[in-house]
Amino acid sequence: MSSSRSSKVARGGLIAALALSIATSGAPALATDDDPIIDHPTFKGASDDLDRNGAADLILSSGDKARKKILRLTPGGYRQSGSAWSTTKLDVTRSFESKFKVYLHHFRPGADGIAFVVQTEGPRALGGWGGGIGYRGIKPSLAVEFDIYQNSYDSSRNHLAVVLGGNPDHQEAVVESPISLYGKPFNARVVYSADEQLLQVYVKALNAGSRESLVLEQEIDLARHVGSDAAWVGFTGSTGIGLSKQDIYSWTVQGSRA
Ligand SMILES: [Ca+2]
């Protein structure tokens, strides 16, 4: 395809990621003055707003100066998987923006990573541990994975990928992360333009002076793919023979309620 918006701009490789890192002004416009429909600057008071499954739980963070209520997808045991879905369903025929702060940490080497997932299986959806990152088997679904463990089908232990239909063995788009996904907190942003039928994924390290990078683009008609106008949104995570504590510190979604 000759279009600069070919279906998988960052299919893989550091060069693609670096080339895209200067193009951060290309995000589809959203009505950013809209109040978030999902709004967790911390997860204080969020227990009724999130359906949690498997290893996922809301806990008080430790090690911070000010302890905060956070979403812990895996608490650092072997072969765990966890998921958490907002009770607010999202209208995926409309544009949306999901922003979240991630911290994957505690053991070395870490495993396996987390994913931001849009799915229509239901609020009890929970996928497999290990390389399944807690979303394997959830379908219909779209997963944006932050993968910190190199399975046989993976390019590295520090990559992002777009995966459809709950099958992590097949990545629609994959890219080496320009920032370390493990050991340091980072911010991520997933933007879906319904008009352009385009999904974009951004990451940003938290150290002073770091810039946000556009790392993945995926053309997708999301409502058609998940088979419904209304979808559950949330996170999954897993461990395997390697393990990590895998935490979401904040999460907001701007978009339309289903
Ligand atoms: Ca992996």
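Strand 10 and strand 11 (residues 173–176) pair in the antiparallel sense, with 4 bridges between them; pairing here takes at least two DSSP bridges, and strands are DSSP runs of E with at least two residues, numbered from the N terminus. This is a predicted model, where local features need pLDDT of at least 70 and side-chain atom pairs count only at pLDDT 80 or more, while totals for chains, interfaces and linings use all residues. Residues are numbered from 1 along each chain as its sequence is written, and side-chain values use heavy atoms, leaving out hydrogens and water.

Across from L160 sits V175 of strand 11. Strand 10 also has strand 9 (residues 141–147) as a partner, again antiparallel, this time over 6 bridges. Here A161 of strand 10 is the bridge partner of E145.

What about burial in strand 10? Buried means under 20% relative accessible area, exposed over 50%, and partly exposed in between (1.4 Å probe, protein chains only). H159, A161 and V163 point one way, L160, V162 and L164 the other. In a regular strand, side chains alternate between the two faces of the sheet.

Then there's the calcium ion. Its protein donors are D147 (OD), D147 (OD), Y149 (O), N151 (OD1) and D154 (OD), at 2.3 to 2.5 Å. Donors are N, O and S atoms within 2.8 Å of the metal (3.2 Å for Na, K and Ca), and with water not among the atoms, sites may look incomplete. Along the sequence, the donor residues follow the spacing D-x1-Y-x1-N-x2-D. Y149 is partly exposed at 24% relative accessibility, whereas N151 is buried at 15%.
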